[in-house]
Amino acid sequence: MPSITIIGAGPGGYIAAFEAARRGASVTLVEKANLGGTCLNWGCIPTKTLKSSAEALEMASRLEEFGIKADSEEAVGFKAYMPSIIARKERVRQVLCGGLEKACASLKIRVLRGAAELAADRTVLVHSEDGTEEIKSDKIIIATGSSILNLPSLPIDHKHIIDSNDALNLAYVPEKMVVVGGGVIGCELAFIYRAFGSSVTIVEGLDRLLPVPSVDADMSRLLQREAKKHRIKVELAKTVKSVEIIDGKVSCEIGPSPFVEGAKGKDSTIEADVVLVAIGRTPNTNGLNLAKAGVETDQRGWIKADQGMRTSAEGIYAIGDVLGPSRIMLAHVASAEALCAVDNCFGAEKELDYTVIPAGIFTSPEIGTVGMSEAEAVSKNIEIRSQTFQFRELGKAQAMGKLPGMFKIICEKESGKILGAHIAGAHATDLIAEAALAIEKGLTAADVAHTIHAHPTLAEGLFEVCEGWLRGC
Ligand code: FAD
């Protein structure tokens, strides 16, 4: 059985450790911070915990609509109380971190606390307060993830100009917030803080929200409409040119984006209490000494690996965010890559297929996507026909009072094979799983339309959109 050293205990590293240990390998898992990585401590779970608080507050403000009234005459109001929201987030985080510690112990994984560095001959040096330990193993898996990207023009001071980590620990709800970056993280936090009561402006350098090829343009348009309904101001094709802190407020100078050809408009100034910078991520490779071990990176420092997660160095694999945006930087992708890398550590010749990767975007409403967007299908010269179905037509959506949203499928024109599915609406991030299975198994719109779906459920939306596709309307 191989001995395997895994660097980084995020959803890439800990899944690799679990799998390798279950298969009998001797596993050392090195982590310099908390088990769970970005996902559990600063990403997926903390943001979704805050989002649950935001949803609870939104629902509280609609109680009368559902016939729920206070049993006293006194006015009842609700507001976001950040210390309690953050305390709840911490409790959730700790429960899940504790679960990982227990799982490592029961699988007899050696967890080593410290910062790892590579040396020659498959050796890892782990530096901690107790000194440096040298570990030699048959295989090494690098799963060190990514960190927040900073721009010199937007210097983070963690008070007025903050990053996503700070936004998950704010002690108060800022009156005015500018969010720089209309990608997934920026949009999620913008909707959360708007629900908490902040007046929010999103500044996005490209010409739509969620400007990634895998997100269908219809979803971006819908989200922009919803942002408007929530009174979130969206400045597209604009960038923040400079920021200045004057009397405890941030003055942001925004102007036409250099990233959009022909972007127009005059420079203007927005004043905010807090500017949240959410512009991207950078690889966690500093101090790893990759060159010493012969592990190559691309020009931006992301580790190069093949579809089997093999790096340029024999016996050294890399998985997860540290591979960069050319792969998809999501927790479940890191975990899938982990399983592939472990298989290959055990002598397999696996390659990961990235064509069917579902993604959840936790805005209000949520968005779930899988497979191709319409633009991607068109760029590949595939003859397609798309179909949409509105959320408000579902009985369950009406009963829940969750009307905004749509289902969209993109199918091969002749065969009806589903190539992409995009859902915006309540629970869209859960609903997308059925579409992912359908695409993974090569199913057609007819296959889904001929599957009986329970009534009344939101899942009927996928059935309806497929039925509509068959009828051609
Ligand atoms: P990470 O989770 O970053 O873990 C890497 C670990 O390596 C860290 O614990 C780090 O301390 C450790 N490490 C680094 N260098 C060393 C070293 N030299 N020695 C020892 N240890 C080291 N993804 C989703 O799928 N769904 C979401 O809803 C979602 N929401 C997100 C929200 C936010 C605000 C952010 C920032 C990210 C979100 N993500 C989400 C992305 C997700 O968090 C990442 O894709 C995922 O965590 C990547 O996993 P990983 O194992 O590659 O790296």
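Which of the 37 residues around the ligand come nearest? They are Glu-31, Thr-38, Lys-48, Ala-116 and Asp-321, where a residue counts as near a molecule or strand if one of its heavy atoms lies within 4 Å of it.

Before I go on, a word on the basis of all this. This is a predicted model, in which local features need pLDDT of at least 70 and side-chain atom pairs count only at pLDDT 80 or more, while totals for chains, interfaces and linings use all residues. Residues are numbered from 1 along each chain as its sequence is written, and side-chain values use heavy atoms, with hydrogens and water left out.

Staying with the ligand, an N or O atom in the side chain of Lys-48 lies 2.7 Å from a ligand oxygen atom, and a polar side-chain atom of Asp-321 is 2.8 Å from an oxygen atom of the ligand. From Gly-12 it is a polar backbone atom that lies 2.9 Å from a ligand oxygen.

Let me turn to Lys-408, which sits in strand S22, residues 406-412, strands being DSSP runs of E of at least two residues and helices runs of H or I of at least four, both numbered from the N terminus. Lys-408 is buried, because its relative accessible area is 4%, and buried means under 20%, exposed over 50%, and partly exposed in between, with a 1.4 Å probe and protein chains only. Its side chain makes a polar contact of 2.8 Å with the side chain of Asp-216, and another of 2.8 Å with that of Glu-374; a polar contact here is a pair of N or O atoms within 3.5 Å, and within protein one must be able to donate a hydrogen and the other to accept it, residues adjacent in sequence counting only if both atoms are side-chain atoms.

Glu-374 itself belongs to helix H10, residues 374-379, and is partly exposed, since its relative accessible area is 29%. Leaving aside residues up to four places away in sequence, Glu-374 touches Asp-216, Ile-384, Ser-386, Lys-408 and Ile-410, contact meaning heavy atoms within 4.5 Å. With the same exclusion, the residues that Lys-408 touches include Asp-216, Glu-374 and Ser-386. As for Glu-261, it lies 113 residues from Glu-374 in sequence and 22 Å from Glu-374 in space, C-alpha to C-alpha.
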